[in-house]
Amino acid sequence: MEFRIGTDIGGTCTDSTVMTADGEVYIGKDLTTYPDFSGGIFDSLADATSEMDIGLEELLANTELFLHATSVGENALFEREGAETGLITTAGFEETLHATRGGYGRWSGLPFDRIKDVINSEKPEPLIPRDRIAGISERTYRDRTIRELDESEVIDAADRLVDAGVDAIAGCLLWSFTSPEHERRLKKTIAERYPELYVTVSSDVSPTMGEYERTATSVLNAYLGPTTERYLTGLRTGLEDRGFDGTLLLMFAHGGLVGRTDAIERPVGLIESGPVAGVLGSQFVANQRSAENIISTDMGGTTFKVGVVDGGRIEYADEPMVGRHHYQFPKRDVDSIAVAGGSIVSIDEETGIPTVGPESAGSDPGPVCYGSGGTQPTVTDIDLIQGYFSPEHFLGGDVEMDSDAAYDVFEREVATPLGKDVETAAADIYKLTNSVISDLIREMTVEKGIDPRQFTLVSIGGAAGMHAASYARELQIPEVLVPYTASVNSALGLLSTDVTHEFIEVETLAPPFDIDRINEIFADLRREAEETLADAGFDSEEIRIERSIQMHYQRQVHELLTPVETDGELTADSLDATLDRFESLYERRYGTGSAYTEGGIEMTEFRVRGVGPLSTPSLNRDDPSEPAASTAHIGTKRMQFEAADGRIEADLYAFDELVPGDEIRGPAVILTPVTTIVVNPGDVARVDAYSNVRISVMEETDE
């Protein structure tokens with residue numbers, strides 16, 4: 001078999017990449033289809049095959065790996081279409097899910113303007129009502145049993161929940177992260193009595209401290225489980241019906257691939273897997289030119305996402321959240337806001353202030369300029385008014401843009417209420433959009449001790465190219481890299497990812513540290529990782545093991561996951577080096593002088609990440625030739641540029657006619673079949689050996 005396929009389902013579009021054995025990449029893109037997501041997958045693959053001289057079924061029949069990131073979980077959650085779910089917990093803790101974190105739960109996950117509105121704040125609606133929560137009188141403490149589990153009580157609780165109409169049951173018992181035996185018996189008892197039910201327990205999905213987070217994670221996992229199982233079973237059947245006989249792997253948000261069974265058992269890991277794959281795709285592209293420090297910004301039709309790769313590492317999220325629901329599962333740190341191409345622009349009726357998002361026109365009806373029935377102005381309509389689109393080249397000329405409708409709607413809904421002409425109002429909203437984006441990037445960099453001026457900004461997503469150079473300029477980021485695969489970069493990221501499993505042991509250790517105990521914990525976790533990967537077909541010598549320790553200063557709550565950067569057993573010296581690394585990370589995050597060595601460092605959690613590497617072909621490289629960008633020049637057009645403080649004439653270039661080595665000086669726009677790249681005045685864009693566009697920000701201004 002000669003092909004590998006990566007597919008990613010986004011809120012607006014479904015993206016596909018097909019990689020051949022010699023590293024050639026073909027891309028496909030089509031609208032996401034609801035509620036049957038598989039339609040969009042096969043449509044985007046058909047789009048990819050249009051340039052391959054091969055049919056869809058022949059492609060699938062000759063594919064060894066089908067790698068997939070899906071938003072099926074988020075969609076089920078936001079649409080409230082998950083399973084009817086019940087919860088069994090330790091008696092006395094039935095209110096844990098509804099209590100959340102007390103007052104904090106009232107504003108967690110809200111935008112800043114709503115956090116300030118304390119009077120009208122409220123907690124998120126729980127996934128399950130109180131009458132579907134049952135308490136059982138068991139009790140453990142650390143590794144001791146205080147009160148034995150009574151299976152008959154479990155059966156009674158399950159019977160009541162089934163009678164109430166549940167399709168899935170979550171189990172979360174007190175101290176199960178150190179004493180999981182009661183949960184295992186609970187799961188076995190329910191499965192024997194109701195084999196058709198989806199059952200999950202916290203010790204399988206989130207064996208961590210924090211009873212609310214474990215409970216919320218278990219409930220979320222059960223809520224998504226049946227939907228995910230139906231979806232993945234249907235996807236596998238659809239692939240097989242079209243000739244696929246290879247391996248199907250799913251992307252987890254911890255940055256690795258897992259098998260279908262693992263994904264069905266722990267669907268919470270699929271949440272935001274696509275955005276994480278996008279960051280990995282950015283890292284993969286940047287690594288071709290040895291760039292280890294990157295800021296990946298993904299602007300599609302629904303959300304804007306940011307992930308940071310610092311020295312080749314992507315941090316884990318401190319407090320993962322989806323739809324205002326906290327959960328505790330390893331997830332790479334990718335943050336997002338509802339500002340993107342499809343974000344609706346509106347005027348607040350009370351204040352008269354313009355806002356961008358969070359509502360989105362999505363793919364149906366989409367922005368007004370798509371001519372598909374949209375009636376509210378969006379960021380994409382703003383970009384059109386700015387002059388960045390060439391309607392006859394939009395999506396390769398396959399879709400006709402309705403410019404007149406976009407102007408009319410924007411004038412009526414935004415410009416007139418603001419008392420401005422259309423072009424001035426559009427320029428202001430464009431600047432507002434970029435400012436909101438810049439604020440999020442600052443949160444992910446400056447507020448975490450990272451200087452964005454030392455990084456390359458990678459711009460991915462269909463809408464990002466029209467904004468990236470502008471928000472990079474605001475943040476003084478010197479270079480923007482727009483990959484050849486920018487519009488499908490999450491799908492590309494899947495092709496650069498390995499099979500990965502993470503294992504956690506919770507145990508609190510205070511100084512003086514017992515090195516033998518630490519090595520014992522890591523040895524047990526390593527053994528579990530190696531056995532799991534061996535079952536997946538990996539030889540012991542090819543498995544890679546990564547270790548880390550969660551630490552904090554005693555009597556503090558700010559924890560940091562600190563990598564152990566040594567092989568073999570820890571020694572006194574390597575342990576000291578790990579503790580020093582924690583303090584360095586702490587000071588970078590919270591400021592110079594914030595470390596408090598005298599307070600004592602405490603270890604709370606130990607992690608092992610087992611990686612089964614998949615050999616990924618290198619991308620095709622085409623050495624630069626003599627610059628000949630003039631052959632790609634297709635005309636000029638007046639456009640709005642903030643750097644020029646008005647509308648000026650700018651050059652238009654056809655991306656398909658550019659070759660490595662070509663150089664374009666702003667102001668200009670590069671038109672591709674799937675996106676548009678804006679080169680501001682003073683910026684210089686160059687096409688590299690991999691057909692990526694590299695924009696040197698303010699190069700000519702600096703001279």
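How far apart are the mean positions of the positive and negative charges of the protein chain? They are 6 Å apart, for 57 positive and 126 negative charges. In this count Lys and Arg are positive and Asp and Glu are negative, while His and the chain ends are not counted. Each charge is placed at NZ of Lys, CZ of Arg, CG of Asp or CD of Glu.

The model is a predicted one, in which local features need pLDDT of at least 70 and side-chain atom pairs count only at pLDDT 80 or more, whereas totals for chains, interfaces and linings use all residues. Residues are numbered from 1 along each chain as its sequence is written, and side-chain values use heavy atoms, with hydrogens and water left out.

The overall form of the chain may be considered next. The protein chain has 703 residues and a radius of gyration of 26 Å, which agrees with the value near 27 Å that a compact globule of this length would have. The radius is taken over C-alpha atoms, and the globule rule is 2.2 Å times the number of residues to the power 0.38. Along the principal axes, the C-alpha atoms fill a box of roughly 80 × 60 × 55 Å. The secondary structure consists of 19 helices and 33 strands; these are DSSP runs numbered from the N terminus, with helices (H or I) of at least four residues and strands (E) of at least two.

Of the 703 residues, 56% are buried. Buried denotes under 20% relative accessible area, exposed over 50%, and partly exposed the range in between, with a 1.4 Å probe and protein chains only. The chain exposes about 28900 Å², of which carbon and sulfur atoms supply 45%; accessible areas come from the Shrake-Rupley method with a 1.4 Å probe, and for residues only the protein chains shown count as cover. Among contacts (heavy atoms within 4.5 Å) between residues at least 6 apart in sequence, 68% join residues at least 24 apart.

Between β3 (25–31) and α1 (38–49) lies Pro-35, which a cis peptide bond with omega of about -5° joins to Tyr-34. Another cis peptide bond, with omega of about 10°, links Gly-666 and Pro-667; Pro-667 is in the loop between β29 (663–665) and β30 (668–671).

Two arginines have a positive phi although neither is a glycine. Arg-80, with phi of about 55°, is in the loop between α3 (72–78) and β5 (85–90) and counts as partly exposed because its relative accessibility is 35%. Arg-555, with phi of about 70°, is in the loop between β24 (544–553) and β25 (560–564) and counts as exposed because its relative accessibility is 83%.

Strand β29 also contains Glu-663, which is partly exposed at 32% relative accessibility. Leaving aside residues up to four places away in sequence, Glu-663 touches Ala-629, Val-684, Ala-685 and Arg-686. Its side chain makes a polar contact of 3.0 Å with that of Arg-686, and a polar contact of 3.0 Å also joins the side chains of Glu-663 and Arg-665. A polar contact is a pair of N or O atoms within 3.5 Å; within protein, one must be able to donate a hydrogen and the other to accept it, and residues adjacent in sequence count only if both atoms are side-chain atoms.

Glu-663 and Thr-532 are 131 residues apart along the chain, and their C-alpha atoms are separated by 50 Å. Gly-92 and Gly-135 are 43 residues apart, with C-alpha atoms separated by 6.9 Å. Gly-92 lies in the loop between β5 and α4 (96–99) and is exposed, with a relative accessible area of 65%.
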